[in-house]
Amino acid sequence: MKTYKIAVMGGDGTGPEVTAEAVKVMDAAAGKFKFKVEKVNFDFGGERYKRTGEILPDSAVEEFKKFDAILLGAIGHPDVAPGILEKGILLKLRFALDQYINLRPVRLFPGVETPIKDKGPKEIDYVVVRENSGDAYTGAGGFTMKGTPHEVAVQTAVYSRVQVERCLRYSFDYARKYGKKARGVGPENTLGLVGKTNVLTYIYDLWERAFHEIGKKEYPDIRRDYYHVDATCMWMVKNPEWFDVLVTGNMFGDIITDLGAMTQGGMGIAAGGNINPNGVSMFEPIGGSAPKYTGQGVINPLAAICAMQMMLQSLGEETAAQKVEEAVKFVTANKLKSMAAGKMGYSTSQVGDLVAEKTIE
Ligand code: IPM
Ligand code: MN
């Protein structure tokens with residue numbers, strides 16, 4: 001029997017509550033589909049930082065390298081200045097573990113309300129591959145004459161050919177395996193590059209050249225499209241059905257996936273994976289720690305459960321992942337009144353129970 005070592009980091013606010021439900025469904029799936037999970041809990045986050053001053057020591061990063069995957073709840077504490085925990089935990093892990101892919105599906109599940117009129121699960125069904133290691137996130141830049149009226153701030157977007165190529169290959173492979181044709185819901189598998197070649201004439205020129213060179217040579221079976229990022233925002237609302245797999249840089253990916261999350265029913269349902277295809281990946285609900293709902297049992301755990309589902313898929317437990325996805329869809333279609341906290345018609349833990357029961361049915 002296969003055994004997976006999973007690091008569980010509930011984090012702040014409602015993070016631990018939703019993560020507990022993801023673990024519940026994972027354990028149910030393990031029993032049903034005959035694999036084992038060894039879980040180790042880590043309490044990094046705002047509370048620990050306030051108590052001990054420790055954010056995430058390098059020794060913990062080394063520790064995480066021994067796991068098969070990390071399941072993360074949420075990072076962000078109302079008493080801690082913004083940026084400290086995000087940089088010190090989330091971004092530190094993404095960089096230290098070289099999780100260079102941030103995979104963010106934008107899929108509307110049946111029964112989930114979208115603010116986009118006349119669009120349903122058939123139309124809102126694509127994936128954003130957000131590059132996760134470069135761009136304005138590397139910390140390149142600085143101030144000169146800080147504190148004077150002549151102060152200058154520079155923050156540089158950085159991309160190397162290697163960074164771009166590894167992300168593109170992952171995206172082409174993903175489109176080949178999980179694109180619309182591969183899933184039997186469209187005529188072809190398409191990868192769309194989202195950029196800004198009309199203004200960012202260095203960075204996205206590099207992306208575009210690499211995109212077509214690699215695509216033409218190694219992935220002639222994958223259709224290639226190019227979109228400017230501003231137009232992408234428009235089409236994500238107007239014609240989301242045009243998209244299949246999208247790939248973009250770190251900053252644009254950050255921004256467009258919040259828009260995508262709203263179109264798929266909001267933060268209660270949107271999940272993502274920080275993936276190192278050859279290393280340790282970390283899966284998380286995209287929403288924040290929602291501190292005002294902490295401990296009330298009203299927060300929606302589906303995003304955390306979907307993050308866990310992505311983890312199962314990345315570990316190679318495809319059948320279990322498929323079953324969890326079906327269970328989530330069953331629950332959104334037939335059970336939940338709303339995706340919003342306090343309005344689901346069930347408590348956090350009851351939603352976990354519903355998904356777990358359906359998974360092992
Ligand atoms: C995200 C978040 C992070 C990011 C923040 C918290 C640093 O917005 O995961 O999308 O910008 O990547
Ligand atoms: Mn973001």
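This is a predicted model: local features need pLDDT of at least 70, side-chain atom pairs count only at pLDDT 80 or more; totals for chains, interfaces and linings use all residues.
The lining of the largest pocket divides into 13 nonpolar, four polar and eight charged residues. The largest pocket holds about 480 Å³ of space, and its lining is made up of 25 residues. Those that lie nearest its centre are Pro105, Arg107, Gln309, Gln313 and Glu325.

Turning to secondary structure, at least two lining residues of the largest pocket come from each of strand E4 (101-107), strand E5 (125-131), helix H5 (161-178), helix H9 (302-315) and helix H10 (318-334). Among these contributors, H10 gives the most, with seven residues.

Ligand 1 takes up the space of the second largest pocket. Around ligand 1 are Glu86, Arg94, Arg104, Arg130, Tyr137 and Asp254. By class, this shell has five charged residues and one nonpolar residue, with no polar ones.

Several side chains in the shell can be followed down to individual atom pairs. A polar side-chain atom of Arg130 is found 2.7 Å from an oxygen atom of ligand 1. For Arg104, an N or O atom of the side chain is 2.9 Å from an oxygen atom of the ligand. The side chain of Asp254 likewise has an N or O atom 2.9 Å from an oxygen atom of ligand 1. On its own, ligand 1 has 320 Å² of accessible area, and the protein covers 73% of it.

Definitions and conventions:
Residues are numbered from 1 along each chain as its sequence is written. Chains are lettered from A and ligands numbered from 1 in the order in which they are written. Side-chain values use heavy atoms; hydrogens and water are left out. A residue is near a molecule or strand if one of its heavy atoms lies within 4 Å of it. A polar contact is a pair of N or O atoms within 3.5 Å; within protein, one must be able to donate a hydrogen and the other to accept it, and residues adjacent in sequence count only if both atoms are side-chain atoms. Accessible areas come from the Shrake-Rupley method with a 1.4 Å probe; for residues, only the protein chains shown count as cover. On a 1 Å grid over the protein atoms alone, a cavity is a set of points where a 1.4 Å probe fits but cannot get out, and a pocket is an open set with protein on both sides within 12 Å along at least five of seven lines; lining residues have an atom within 4 Å of a point. A molecule sits in a cavity or pocket if more than half of its atoms lie within 2 Å of its grid points. Ala, Val, Leu, Ile, Met, Phe, Trp, Tyr, Cys and Pro count as nonpolar, Asp, Glu, Lys and Arg as charged, and the others, Gly among them, as polar. Grid points are joined across faces, edges and corners, and a volume is the space filled by probe spheres set on the points. Helices (H or I, at least four residues) and strands (E, at least two) are DSSP runs, numbered from the N terminus.
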